Amino acid sequence: MSERENKPNTSNWFMWFDVRHRDIGDWAFVLHRLTALGLVLYLGMHLIVLGTLTLGPDAFNSFIDLAHNPLFIFGELLVVAAALYHGLNGLRVGLTSFGVAIPYQKQLWYVVMAIAVIGSIIFAISMFTA
Amino acid sequence: MSTSKWDVTFLVYRKKGQGTPHYDEFTIKVNPDEYVLDAIERIWAYQDRSLVFAHACHHSTCGACGMRVNGVEKLTCITLIRDVTADGGKVKVDPLRNFPIISDLTVDMGVLYTRMDEVGHRPVLPLSEEPAEPGVKPVKIAAEGDIIRLADCIECGLCISACPIANTTSGYLGPAVLAGALQHGLDSDQHLFSLVEGENGVWRCHSAFECTEVCPSYVEPAGKIMELRKQVIWKRIFGIAK
């Protein structure tokens with residue numbers, strides 16, 4: 001058996017996200033990674049914000065005032081869009097990973113994107129007009 | 001067949017030993033219905049005899065001339081120039097990714113060949129044994145055993161170069177090797193089963209499908225990996241590969 005190294009290639013990490021000249025499957029994969037990173041970042045921020053509850057009602061209420069800022073709402077919309085894409089594409093990957101609809105993986109991705117975009121628009125209208 | 005010549009500039013990746021990688025430009029007249037490999041051979045023959053590249057059969061059977069043409073993995077012997085550029089245009093030629101570069105456009109694919117041997121991939125096999133496609137049982141034929149064929153996979157390495165996971169983890173077996181493992185079958189070989197279900201096996205694939213996109217032999221490695229996953233689960237639950 002050949003000796004096998006198993007070191008992550010971190011010297012050119014930006015190539016992990018390099019989708020130039022690549023096809024839809026790779027775009028889907030990279031977007032899946034980016035949305036995962038975004039959602040993890042959001043989770044961390046969410047926990048920090050919840051932590052302000054321990055500082056008393058004034059601290060939390062002042063944060064809630066900040067959350068009404070349009071820039072903040074836009075950030076929340078990005079979270080919704082990322083969650084929609086990541087969840088739906090996760091279903092696509094789950095299906096194809098077990099041999100279902102492999103020849104239609106591109107078409108499935110178009111459906112995923114369509115639902116994610118339409119869903120994000122609906123959420124955007126709802127969030128900015130509330 | 002077109003008779004008018006095109007002026008095309010080839011940007012060719014160069015690297016010798018520990019030297020700094022760079023691109024050399026070669027502008028040549030080509031027939032657009034020639035192949036990229038023809039142009040590279042002409043550059044070598046008439047402009048720079050120090051250019052190192054690999055090739056052999058010129059008809060997509062040996063798998064030696066794999067390179068990245070404008071960033072996409074191609075067998076250069078079957079890649080028409082008119083399909084990758086226009087008159088007065090440029091063609092960028094790079095070596096395959098995820099393999100050590102020997103010199104210029106030539107890479108060391110030893111690790112691929114070693115792993116193909118490790119999983120028992122046979123380049124020639126009885127006609128009935130190569131699965132036509134994932135999930136399809138091989139067709140029984142009367143003269144089984146007498147008729148042999150070349151396996152679909154020509155071990156060109158294009159799928160390894162295109163795979164984003166091979167790009168991030170050198171230990172990942174890679175699409176061609178996992179497809180080779182499916183050809184061998186999991187039932188008879190416990191070592192192979194351990195290898196395939198291990199940390200660098202089928203579960204490392206993230207379904208980017210780039211391997212299937214670039215495969216010149218229609219092996220559909222991504223589909224084979226998914227089929228292998230089903231077999232791994234089946235064997236785990238019922239003790240035999242489905």
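**Domains and classifications**

Reply: The C-alpha centres of domain 1 of chain B and domain 2 of chain B lie 28 Å apart. This is a predicted model, in which local features need pLDDT of at least 70, side-chain atom pairs count only at pLDDT 80 or more, and totals for chains, interfaces and linings use all residues. Residues are numbered from 1 along each chain as its sequence is written, while chains are lettered from A and ligands numbered from 1 in the order in which they are written.

Me: What makes domain 1 and domain 2 of chain B separate entries, and which residues does each hold?

Reply: The domain assignment of chain B places residues 6–107 in domain 1 and residues 110–238 in domain 2. Such bounds come from an automatic or database domain assignment. To the contact between them, domain 1 of chain B gives 14 residues and domain 2 of chain B gives twelve residues; two residues are in contact if their C-beta atoms, placed from the backbone, lie within 7 Å.

Me: Which elements give two or more residues to the side of domain 1 of chain B that touches domain 2 of chain B?

Reply: They are β3 and β4 (72–75) of chain B. The most comes from β4(B), with three residues. Strands here are DSSP runs (E, at least two residues) and helices are DSSP runs (H or I, at least four), numbered from the N terminus.

Me: Why is Ile102(B) called partly exposed?

Reply: Ile102(B) has 16 other C-beta atoms within 10 Å. A residue is buried if 20 or more other C-beta atoms lie within 10 Å of its own, exposed if 12 or fewer, and partly exposed in between, with C-beta atoms placed from the backbone. The count of 16 therefore makes Ile102(B) partly exposed. Ile102(B) is placed in strand β6 (residues 101–103) of chain B, and touches Val107(B) and Asp108(B), not counting residues up to four places away in sequence.

Me: What makes the phi of His21(A) worth a remark, and is the residue buried or partly exposed?

Reply: His21(A) has a positive phi of about 70° although it is not a glycine. His21(A) lies in the segment before α1 (24–51) of chain A. With 14 other C-beta atoms within 10 Å, His21(A) is therefore partly exposed.

Me: How do you know that His58(B) is partly exposed?

Reply: His58(B) has 17 other C-beta atoms within 10 Å, so the residue is partly exposed. His58(B) is in the loop between α1 (36–46) and β3 (66–69) of chain B, and its phi is positive, near 70°, in a residue other than glycine.
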